[in-house]
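Biologist: Can you put the model up? I have a few things to ask about it.

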Amino acid sequence: MAGIAKRTKEILALLDERYTTEYKCYLNHETPWQLLIATMLSAQCTDERVNIVTKDLFVKYDTLEKFAEADQSELEQDIRSTGFYRNKAKNIISCTRTLLEKYDGEVPRDLEALTGLAGVGRKTANVIRGNIYHEPSIVVDTHVKRISKRLGLSKSDDPVKVEFELMKKLPKDHWILYNIQIITFGRAICFARSPKCEQCFLQKYCREFKQNG
């Protein structure tokens, strides 16, 4: 167990050194509800595409009320390029109505309350908890799931199981930070296909590299 803790500490130190410990959210937003909607749109979609869409979307729908009262077919077309637009539009309208009716327009910080909103799973809830309320939260996206497995920090393919595995291994002060760093790492070096292993500063910790080496 001590060996695993030492190994994890070394990995985090290298991530801190390369990417700093600065908190950064890749989804553009000005309010908690904007981040909530942007995160809902980011399912099966890149942050870059979401930011392109929300640039105009948050001008057209500049209040929660406008989203809650939106015509679903019109909203579908507004967010079409993010994929799964019918479900997303339906969930956004339902979610914003609940925020207005049940929470006076405030985005709750409680995990159970957040996941009770239409279209909000643990990943989206943890993005809100970590970035808005600075509650220690682990966000498991495709990068975190893939790279944590390669580094031997998790064994599962189930995002919820990965979240709990990482909660046991990572210190709380790195829960949000780890996600930010791993996204950067995954976009620059550790791709799903053809990762740049020769450039990787975590190569010695990678289970996959050792298996293929």
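The chat below goes through salt bridges, cysteines, contacts and surface charge.

Modeller: Before you start, note that this is a predicted model.

Biologist: Fine. How many salt bridges does the count come to?

Modeller: The count comes to 10 salt bridges. One of them pairs the side chains of Lys6 and Glu10, at 2.6 Å from N to O.

Biologist: Where do Lys6 and Glu10 lie?

Modeller: Both are in helix H1, 4 residues apart, which is about one turn of the helix. Lys6 is exposed because its relative accessible area is 54%. Glu10 has 26%, so Glu10 counts as partly exposed.

Biologist: What does Asp47 form a salt bridge with?

Modeller: Its partner is Arg187, and the closest N and O atoms are 2.9 Å apart. Asp47 belongs to helix H3 (residues 47-60) and Arg187 to helix H11, so this pair ties together parts that are 140 residues apart in sequence.

Biologist: Is Asp47 buried or exposed?

Modeller: Buried, because the relative accessible area of Asp47 is 14% and the cut-off for buried is under 20%. Arg187 is at 32%, so Arg187 counts as partly exposed.

Biologist: And Lys60, which residue does its side chain meet in a salt bridge?

Modeller: Asp78, at 3.0 Å from N to O. Lys60 is in helix H3 and Asp78 in helix H5 (residues 72-78), so the pair ties together parts 18 residues apart in sequence. Both ends are partly exposed: Lys60 has a relative accessibility of 36%, and Asp78 has 27%.

Biologist: Which residues do salt bridges with shared partners join into one network?

Modeller: Asp47, Glu48 and Arg187.

Biologist: Switching to cysteines. How many disulfides does the count come to?

Modeller: The count is 0 disulfides. Cys95 is in no disulfide, and the nearest cysteine sulfur, that of Cys25, is 16 Å away. Cys95 is buried, with a relative accessible area of 1%.

Biologist: What about Cys190, how far away is the nearest cysteine sulfur?

Modeller: That sulfur belongs to Cys200 and is 6.1 Å away. A disulfide needs the two sulfur atoms within 2.5 Å, and Cys190 is in no disulfide.

Biologist: Is Cys190 buried or exposed?

Modeller: Cys190 counts as buried, because its relative accessibility is 9%.

Biologist: New topic, contacts across the sequence. Where is Tyr23 found?

Modeller: Tyr23 sits in the loop between helix H1 (2-19) and helix H2 (32-41). Tyr23 is partly exposed, at a relative accessible area of 48%.

Biologist: And how far apart are Leu100 and Glu65?

Modeller: They are 7.6 Å apart in space, C-alpha to C-alpha, and 35 residues apart in sequence. Leu100 is part of helix H6 (residues 85-103). With a relative accessible area of 26%, Leu100 is partly exposed.

Biologist: Last one, surface charge. Which residues gather in a patch of positive charge?

Modeller: Lys155, Lys169, Lys204, Arg207 and Lys210 gather in that patch on the surface.

Biologist: Where is the place of Lys204?

Modeller: Lys204 is in the loop between helix H11 (175-188) and helix H12 (207-212).

Biologist: Why does Lys204 count as exposed?

Modeller: Because its relative accessibility is 57%, and exposed means over 50%.

Note on methods. Residues are numbered from 1 along each chain as its sequence is written. This is a predicted model: local features need pLDDT of at least 70, side-chain atom pairs count only at pLDDT 80 or more; totals for chains, interfaces and linings use all residues. Side-chain values use heavy atoms; hydrogens and water are left out. Patches are made of residues with over 30% relative accessible area and no salt bridge: like charges are joined within 9 Å, nonpolar side chains (Val, Leu, Ile, Met, Phe, Trp, Tyr) within 5 Å. Accessible areas come from the Shrake-Rupley method with a 1.4 Å probe; for residues, only the protein chains shown count as cover. A salt bridge is a side-chain nitrogen of Lys or Arg within 4 Å of a carboxyl oxygen of Asp or Glu. Lys and Arg count as positive and Asp and Glu as negative; His and the chain ends are not counted. The place of a charge is taken as NZ of Lys, CZ of Arg, CG of Asp or CD of Glu. Helices (H or I, at least four residues) and strands (E, at least two) are DSSP runs, numbered from the N terminus. Buried means under 20% relative accessible area, exposed over 50%, partly exposed in between (1.4 Å probe, protein chains only).
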